[in-house]
Amino acid sequence: MTALPWWRDSRKVGWLVQAAVGLGLLLVVALLLSNLEHNLTRAGLRLTLGWLNQPAGFDIAETLLPYRASDSYGRALLAGLVNTLRVVGIGLVLATGLGVVAGAASFSTNPLLRGLSRTYVEVVRNIPLLLQLVFWYFAVFLTLPPANQALQLPGLQLAKSGVYLLGARLVNGELVGGWRLSLELAALLTGLVIYSAAFIAEVVRGGIASVPKGQWEAAESLGLKPLATLRLVVLPQALRVIVPGLNSQYISLAKNSSLAVAIGYPDLYAVAETTLNQTGRGIEVFLLLMAVYLGLDLCISVLMNGLERLVSLKDR
Amino acid sequence: MRSFSRTPAALLLGLLFGLGGCAGGQDQGPGAGRLAAIKARGTLSCGVDGKLPGFSYQDSDGKYVGIDVDVCRALAAALFNDPNKVEYRELTSSERFTALASGEVDVLSRNSTRTLSRDASGGNGLEFAPTIYYDGQGVMVPVASGITSLKQLAGKTICTENGTTTELNLADRFREQAIPYTPVKYQTGDQTYAAYLQGRCAAVTSDRSQLAAKKTSFPDPAAHTLLPDVLSKEPLGPVTVNNDSGLSDALRWVLFATMQAEESGITSKNIKEKLAFAKANPNQADLRRFLGVEGELGQQLGLPADFVPRIIASVGNYGEIYSRNVGSESKLKLDRGLNRSYKDGGLIYSPPFR
């Protein structure tokens, strides 16, 4: 066997091409990094994380994690992260619920329900989220009546001082007890859930549509009612298509939560913005922010990939 | 395989050092860049608020006006003999310093408070021009609320803008006096005042001049009032980046020129006579130097010799700028207070032009 010249050896050529591309990429990254390094040095700014231990000096409106103005920037950012996780956590659950209902409703035999579902999806997903958040906050929640004339819904009271769940009572013109959500959090959750659920509804609709019509007919001929057909026959098969689509919607929801800053909810991004301004540590703050959002989204991805394996069709 | 994967890392390190070296070698030293770049470009890029009556906002013709805008106009007049050669960028308070540091704007003239950490190279690393408005932080409440002191704000919500000194002073003052409160912070002034007007918060806090200015654009200005408390010192002025003394010196002396002109009684109306008088009288050394008839003060700054007459002819002296934008001739009618010339007991003072 004569030795193949290296340029004819597809393995070696492959390696070379990959190495060349890799080298090019490294060159670009190195150029950017050295540029950054050079400019920062010239401006007298060195990358450091020491400022994270300095007292922050600003207050945060609402935190799950106990926080005071005398705590450090690190603690303030952590409190912001917990606020973000709170919105993302509650948002994922509610958006999934609403999305599945809306998606399934588009297959309803009731034309009114079907029309409602389609209208909801088309209206909501075609209006920018920022606009919707500003609408919910300024036009809906900020125009609520004062506490003594709070809107009463079953288990829910809406007033200018906040949204109260689980039975708050009126004491001296103020609502006390129950579980209070600030208007900022309530508006953010409402906007995010309604927006994300519209996309999830489309994913669910696509999943259900992927199940052959014969499956519906077979279930029907066995005497199953429409809802039971959906639950027992169609959804389990549709999940295989739905879960990968849900993954990217969940990631979007997590990223979109950073729009909170527009309506005054102190999420990670809002706290980071203040931190950046007080410390002047723009690059470090943004690198931290990117790392945290990347980490958060990767976590969601890993969990959803696990779920995907769980519901995928097993070869037997 | 192992050694192959290590090669890129070695290359990367080599490149980093190599490029770092080149870039360092090309450095022209501080100051060479910005002022020369602005002159070559032919326009000045200025970061402003854009929505704050009296400081920077668009009038009914869509033209930017206000004290902060006049700073940019004065610098453009000095550089190009045309105060209109300015490109304005509207920036929020949290964007402003990043926009300046990244070079998106040459000068930031956006009612920014001078503080140590913003100035210091170990902090934000900014260069502050002279203060053009001595202000203090105030608190505005609806008259109907009956609130007349900070203590009465205990347990209430207070609206403010994200990324301001206001936010920090608020925390400090209320912490000192152990008054509990909830701050709700917005990204822009528009959002802050919209939320306040909708009743989200019992009070809104900012610089007193800003509160007075915003109040004039409320549907019913008389329904809101400023508490007498002053929470802090807020010396406001334009900003440039650190380590660029060419630009920061030019800006500094352009502003001093407007102050010196007021001290010397030179206005946009009499500048022509004053200039003719200076030219005709060789004994008026101070006036001749100031107006660039003799000496090379302008040249030393990298500005034309006649930069002072250019500024005064197009934007006027400090007193004119003040009364036109925020003082007696404006809607705001703010008292000059600390912003009087030192000759009248205020803090506005120009070092000598010599």
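Which handedness, left or right, does the crossing of α3(A) and α5(A) have? In this predicted model, the crossing of these two helices is left-handed. Helix α3 of chain A spans residues 111-125 and helix α5 of chain A spans residues 183-209; their axes come within 9 Å and cross at roughly 120°. An angle of 65 to 115 degrees would count as roughly perpendicular and one over 145 as roughly antiparallel; α3(A) and α5(A) are therefore oblique to each other. On the side of α3(A), the contact is made by S117(A), Y120(A), V121(A), V124(A) and R125(A). The residues contributed by α5(A) are I194(A), Y195(A), A198(A), F199(A), A201(A) and E202(A).

The contact between the two chains draws 35 residues from chain A and 37 residues from chain B. On chain A, at least two residues of the side that touches chain B are supplied by each of α1 (10-42), α5 and α8 (268-279). The largest share of that side comes from α1(A), with 11 residues. The class composition of the side of chain A that touches chain B is 17 nonpolar, 12 polar and 6 charged residues. For the model, ipTM is 0.78 and pTM is 0.79.

Chain B contains an open sheet of 3 strands, arranged in the order β2-β3-β4 with antiparallel pairing. Its edge strands are β2 (51-52) and β4 (64-65) of chain B, each of which pairs on one side only. Strand β3 of chain B covers residues 56-58 and is joined to β2(B) by 2 bridges, the two strands running antiparallel. Within this pair, K51(B) stands opposite Y57(B) of β3(B).

The highest confidence in chain B is found in helix α3 (residues 67-80) of that chain, at a mean of 97, and the lowest in helix α1 (residues 2-26) of chain B, at 40. Over residues 1-31 of chain B, pLDDT stays under 50. For this stretch of chain B, the model has 28 contacts beyond four places in sequence.

Notes
Residues numbered from 1 in each chain as written. Chains lettered and ligands numbered in written order. Predicted model: local features only at pLDDT ≥ 70, side-chain atom pairs only at ≥ 80, totals over all residues. Pairing = 2+ DSSP bridges. Helix = DSSP H or I, 4+ residues; strand = E, 2+ residues; numbered from the N terminus. Axes fitted to C-alpha atoms, helices over the stretch in contact; angles between N-to-C directions. Parallel < 35°, antiparallel > 145°, perpendicular 65-115°, else oblique. Left-handed = near helix turned anticlockwise from the far one by under 90°. Contact = placed C-beta atoms within 7 Å. pLDDT = per-residue confidence, 0-100. Nonpolar A, V, L, I, M, F, W, Y, C, P; charged D, E, K, R; others polar.
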